[in-house]
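Hi,

Here is the structure I promised to pass on. Please open it first; my notes on what turned up follow below.

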Amino acid sequence: MQEALKEAEKALEFDEVPVGALIVMGDEVIARAHNLRETSQDATAHAELLAIRKACEALKTWRLVGCTLYVTLEPCPMCAGAIVLSRLDRVVFGAHDPKAGACGSLMNIPEDERFNHRPEMVPGVLAEECGKILKDFFKKKR
């Protein structure tokens, strides 16, 4: 999660909402990303989606079996859907997102039994640190 926080800090350099993500297979980081919505003017440029795309490219498959996603903020519905569809084994996230979180806060897409894939979810890892970088960012914006 420390590495995901480093990605979140990179987002600050672009005045982006500081969310960072990385995907690991075994002991190897195969993808890392941070939010780029403002920079790219792309509503789908969330850290998780960018990391999933990079991991698929690195592995040359859309199936990310054997991979773990680390992300500093609870994934939204769009990212949670991509997590399920990409077959990630595990998702570790930091801060909960009471306004848009789809991995336990507002809903729980990855654990919905109606889907044919359900990744293991590990919430709240370094939650305080992950939440602080977001709170500080929005405090400066206001």
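**Pocket, sheet and cysteines**

Helix H5 (residues 127–141) gives the most to the lining of the largest pocket, contributing five residues. Keep in mind that this is a predicted model.

That pocket has a volume of about 590 Å³. It is lined by 23 residues, and the closest to its centre are Val17, Leu73, Asp97, Leu134 and Phe138. By class, the lining holds 12 nonpolar, four polar and seven charged residues.

Next, the strands. Start with E3 (residues 67–73), which pairs with E4 in the parallel sense over five bridges. Two of the contacts can be picked out by residue. Val71 has Phe93 in E4 as its bridge partner. Leu73 has Ala95 in E4 as its bridge partner. Leu73 is also one of the residues closest to the pocket centre.

E3 has another neighbour. Strand E1 (residues 20–25) is joined to E3 by five bridges, and the two run antiparallel. Here Val24 stands opposite Thr68 in E3.

E4 also pairs with strand E5 (residues 120–122), in the parallel sense, over three bridges. Arg90 finds its bridge partner in E5, at Glu120.

E3, helix H4 (residues 77–85) and E4 make a right-handed β-α-β unit.

Cys130 is in no disulfide either; the nearest cysteine sulfur, that of Cys103, is 14 Å away.

Are Cys56 and Cys130 buried or exposed? Cys56 has 17% relative accessibility, so Cys56 counts as buried; the cut-off for buried is under 20%. Cys130 is at 0% relative accessibility, so Cys130 counts as buried as well.

If you want a place to begin, look at Leu73. Leu73 ties two of these topics together: Leu73 is among the residues closest to the pocket centre, and its bridge partner in E4 is Ala95.

Best wishes

Technical notes
Residues numbered from 1 in each chain as written. Predicted model: local features only at pLDDT ≥ 70, side-chain atom pairs only at ≥ 80, totals over all residues. Heavy atoms only, no water. 1 Å grid on protein atoms, 1.4 Å probe; cavity = no way out; pocket = protein on both sides within 12 Å on 5 of 7 lines; lining within 4 Å. Points joined across faces, edges and corners; volume = space filled by probe spheres on them. Helix = DSSP H or I, 4+ residues; strand = E, 2+ residues; numbered from the N terminus. Nonpolar A, V, L, I, M, F, W, Y, C, P; charged D, E, K, R; others polar. Pairing = 2+ DSSP bridges. Right-handed = clockwise from strand over helix to strand, strands pointing away. Buried < 20%, exposed > 50% of the residue type's maximum accessible area, 1.4 Å probe, protein only. Disulfide = S-S within 2.5 Å.
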